[in-house]
Amino acid sequence: HKAIRRQRQMCIREDREQTNMNRKEFAEWLEIPYRTMQDWERGVSEVPDYVLNLIAYKVKNEKEKGNI
């Protein structure tokens, strides 16, 4: 269970780093509360799979469009 949580927190951090945004900017861009984003990245709480997928999808599409 800890390994899965660690993997998820790495995924969200990697997605954020692809945007060159800090945690606060990324949270605002996704309209997710900052504390929630912070807890996910720190491994305090678990990111639901569907949220990870949606974030990855948005980052990929916005990068392809040249918006980030």
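User: What does lysine 60 form a salt bridge with?
Analyst: In this predicted model, lysine 60 forms a salt bridge with glutamate 64, with the closest N and O atoms 3.2 Å apart. Both residues lie in helix 4, four residues apart, about one turn of the helix.

User: Is glutamate 64 buried or exposed?
Analyst: Glutamate 64 counts as exposed, at 57% relative accessibility.

User: How many salt bridges does the count come to?
Analyst: Eight. Among them, arginine 8 and glutamate 46 meet through their side chains at 2.3 Å, N to O. Arginine 8 lies in helix 1 and glutamate 46 in the loop between helix 3 and helix 4, so this pair ties together parts that are 38 residues apart in sequence.

User: Arginine 8, buried or exposed?
Analyst: Buried, with a relative accessible area of 15%. Glutamate 46 is partly exposed, at 28%.

User: Which residues are linked in a network of salt bridges?
Analyst: Arg13, Arg16, Arg23 and Glu41. Arg23 is also one of the buried residues of helix 2.

User: OK, helix 2 then. Which residues are buried there?
Analyst: Arg23, Phe26, Ala27 and Leu30.

User: What covers them?
Analyst: The cover includes helix 1, helix 3 and helix 4.

User: And what reaches the backbone nitrogen of lysine 24 at the start of helix 2?
Analyst: A side-chain oxygen of asparagine 22, to within 3.0 Å.

User: What follows helix 2?
Analyst: Glutamate 31, whose phi is positive, near 60°.

Notes. Residues numbered from 1 in each chain as written. Predicted model: local features only at pLDDT ≥ 70, side-chain atom pairs only at ≥ 80, totals over all residues. Heavy atoms only, no water. Buried < 20%, exposed > 50% of the residue type's maximum accessible area, 1.4 Å probe, protein only. Helix = DSSP H or I, 4+ residues; strand = E, 2+ residues; numbered from the N terminus. Contact = heavy atoms within 4.5 Å. Polar contact = N/O pair within 3.5 Å; in protein donor to acceptor, adjacent residues only side chain to side chain. Salt bridge = Lys/Arg side-chain N within 4 Å of Asp/Glu carboxyl O.
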